[in-house]
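Here is a short report on a two-chain model. It takes the interface before the separate chains.

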Amino acid sequence: MKTSAGAARRGAWRGRAGLAQAETSVRSGKRLRFASSDILIGLAGIALVFLVLCALFPSWIAPYSPTEMNTAAILQAPSAAHLFGTDYFGRDVFSLIVHGTRDSLLIGASSVIVGVLIGATLGSVAGYVGGRLDAVIMRVMDVLLTVPGILLALTIAAALGPGLRNIVLAIAISSVPGYARVMRGQIMAIRGRGYVFASRAIGAKPSFILTKHVLPNSAAPLLVMATLGLGSSILAGAGLSFLGLGVLKEIPDWGALLSQGRGYLTVAWWICTFPGLAITLFVLSINLIGDRWRDAVDPKRKGRA
Amino acid sequence: MIQAIGSRLFSSLLVIVGSLALVFCIFYLLPGDPVLSMVDPTTVSPEVVENLREQLGLNRPFHERLLAYFGDMLTGDFGRSLVGSEPVLPKILHQVPSTLLLTAASALVAIVVGVTLGVLSAVRKGGIIDLLARIVGLFGISMPTFWSGILLILIFSVQLKWLPAMGSDGFETLILPALALGFVGAGSIVRMVRGSMLDVLNEPFVTTLRAKGLRERLIQIKHVLRNALIPAVTLIGMQIGDMLAGTVIIETVFSRQGIGRILADAIMAKDLPVVQGIVFFTAIVYVGINLLVDLSYAAIDPRIRRKGART
């Protein structure tokens, strides 16, 4: 009896649809959902802080030296002594991952910074100046967009050769068109706002308007995009070094570590599994925080969370 | 309509020419001497190096080289591989079917999983499917393809021994790479479809339809999904291009034949004509897909059809 009444009530809810459903989800679900997503964001923050610490002070955190080869402990499965096991040289995989954090983070962060700087400059110039310059810049961006990002980065990295600087440049250039487009759109939208007209009417210089009004108001979407872009840059960097275009050093970064472990898949699952987990954890944390930030900045997305 | 298609075709052609020039410029502007990567300067006399340069036309000015390059492309001459000195075009064309098959299978996985989960999660917001959709969405965009590929190999080949880890013959070898590559696309598509479905569900016309007493299922499929599909289709087009590019990594992970694998090898060997050829081919497919996407807008949205063209 009780269940059928419940079913009927649910049916009624569904019948009344829209408003009723929206109300219940706000009333009953809101507090709980906020709590669980806050925990997630907290965990993501802790993971990020830990990874940054790994990048800054690897030798404090890693129990072994990443170059120390121990012939007595080759290809050992994860244990208390070796948390993530050892590789075919007897190196401790956990220590290798900790020491590989710096390059992975460096590649991701620098390519985003370079990409945003170039993209935002081109986008603001195109959006603010307009006219023929705008057309030229944006057509070049369109052409850059016709080659998928990873392929463009690969091509540039192949032409430049391996190395940290070249990888950063390759990933940065392939991300420029995205940032330029967003920035241009923002600038064009804000250029037409009332306060810009007002500022112009009282005789403000274009450079003043650009730096005091237009840029601060257009920064938020670009920063959110850059945060999410950090995740994809780290993925791209790992992909490039997986293919052998990475920073060729004694201490491998995560992508290179994974690629080295591929030959031992059948005997040592841990060599490939843990570096991949580190990449995923890192990018996942960044994306969680980026998503939350975007929802906060963009009022249109409020209803989605 | 025909005029609109014509103008889209023309601008696509321009974009392809642009991307050709782009690839050429990357190799022209960036440092690195292709001749020196072909021969070792310490063992070969400078005259030989100079001769080779002359032979390849590398000592001519930029515009002459660019024009010669376009001319060669028009006549179907993509040059010869610097490694095996075989012609590039047949080498690529021979491997294209395998890569296109993988791309199509991955796209199928991405679209089916992405659109289904996206729609269901928006309709049942806050439910279990919604949670699943969010997990797929977040992990899809956060996991590197090579790692998801390796995990699939570890689980289904090494542990369970259900599916082969490598090779390119038969349907079984297609499943794991398509899942690995498709999962990334599914992640982005879920996020996009869910978001745009929720946006459309909040539109006033949905309230009107409900007020008219239409069945919820009918509203969701016929009205909301169709309106939510336009941004999703744009993204799907871009995702297919990314999946095509992603075969570089996935074909390496699964030791599959295909142009992605050739590209990875060519990059390691600095075999520039092969790299150029493959990037050019990918750009053509990418532009072709985007053209189809633009045309599909008209099929989805009658408003665009009536206007004739979407510029």
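## Model and confidence

Two residues are in contact if their C-beta atoms, placed from the backbone, lie within 7 Å. The model is predicted. Mean pLDDT for chain A is 80. In that chain, 86% of the residues reach 70 or more. The stretch 1-32 of chain A has pLDDT below 50. Beyond near neighbours in sequence, this stretch has 11 contacts in the model.

## The interface between A and B

Contacts join 43 residues of chain A to 46 residues of chain B. On the chain A side, these elements give two or more residues each: helix H2 (18-27), helix H6 (131-145), helix H7 (149-160), helix H10 (206-242) and helix H12 (269-297). Which of them gives the most? H12(A) does, with nine residues.

By residue class, the side of chain A that touches chain B holds 25 nonpolar residues, 14 polar and four charged.

## H7(A) against H12(B)

H7(A) packs with helix H12 of chain B, residues 272-300. The angle is about 165 degrees, and the axes are 11 Å apart. Angles over 145 degrees count as roughly antiparallel, so H7(A) and H12(B) are roughly antiparallel to each other. The crossing of H7(A) past H12(B) is left-handed.

Which residues meet here? H7(A) brings Leu151(A), Thr155(A) and Ala158(A). H12(B) brings Val275(B), Val279(B) and Thr282(B). An α-helix has 3.6 residues a turn, so residues three or four places apart point the same way. The residues of the contact of H7(A) with H12(B) come to four nonpolar, two polar and no charged.

## Chain A

Chain A has 12 helices and zero strands. From the N terminus on, its elements run α-α-α-α-α-α-α-α-α-α-α-α. Of its 305 residues, 44% count as buried. Take the contacts in chain A between residues at least 6 apart in sequence: 68% join residues at least 24 apart.

Helix H9 of chain A, residues 194-201, is hardly covered. Among its eight residues, the count of buried residues is zero. Gly203(A) follows H9(A) and has a positive phi, near 90 degrees.

## H10(A) against H11(A)

Within chain A, H10(A) crosses helix H11 (residues 254-261) at roughly 40 degrees, and their axes come within 7 Å. H10(A) is therefore oblique to H11(A). The crossing of H10(A) past H11(A) is right-handed.

From H10(A), the contact takes Gly237(A), Ala238(A), Gly239(A), Leu240(A), Ser241(A) and Phe242(A). From H11(A), it takes Trp254(A), Gly255(A), Ala256(A), Leu258(A) and Ser259(A). What classes do the residues of the contact of H10(A) with H11(A) divide into? Six are nonpolar, five are polar and none is charged.

## Chain B

Chain B has 13 helices and zero strands. Along the sequence its pattern is α-α-α-α-α-α-α-α-α-α-α-α-α. The C-alpha trace spans about 85 × 55 × 30 Å along its principal axes. Of the 311 residues of chain B, 41% count as buried. Among contacts in chain B with a separation of 6 or more, 73% come from residues 24 or more positions apart.

## Positive phi in loops of chain B

Two loop residues of chain B have positive phi without being glycine. Lys161(B) is one of them, with phi near 55 degrees. Its loop lies between helix H7 (145-159) and helix H8 (172-201) of chain B. Is Lys161(B) buried or exposed? Lys161(B) has 9 other C-beta atoms within 10 Å, so Lys161(B) is exposed.

Ser255(B) has phi near 45 degrees, again a positive value in a residue other than glycine. Ser255(B) sits in the loop between helix H10 (216-253) and helix H11 (259-268) of chain B. Ser255(B) has 15 C-beta neighbours inside 10 Å, so it counts as partly exposed.

Definitions and conventions: Residues are numbered from 1 along each chain as its sequence is written. Chains are lettered from A and ligands numbered from 1 in the order in which they are written. This is a predicted model: local features need pLDDT of at least 70, side-chain atom pairs count only at pLDDT 80 or more; totals for chains, interfaces and linings use all residues. pLDDT is the predictor's confidence in each residue, from 0 to 100. Helices (H or I, at least four residues) and strands (E, at least two) are DSSP runs, numbered from the N terminus. Ala, Val, Leu, Ile, Met, Phe, Trp, Tyr, Cys and Pro count as nonpolar, Asp, Glu, Lys and Arg as charged, and the others, Gly among them, as polar. Axes are lines fitted to C-alpha atoms, for helices over the stretch in contact, and angles run from 0 to 180 degrees between N-to-C directions. Angles under 35 degrees count as roughly parallel, over 145 as roughly antiparallel, 65 to 115 as roughly perpendicular and the rest as oblique. A crossing is left-handed if the near helix is turned anticlockwise from the far one by less than a right angle, and right-handed if clockwise. A residue is buried if 20 or more other C-beta atoms lie within 10 Å of its own, exposed if 12 or fewer, and partly exposed in between; C-beta atoms are placed from the backbone.
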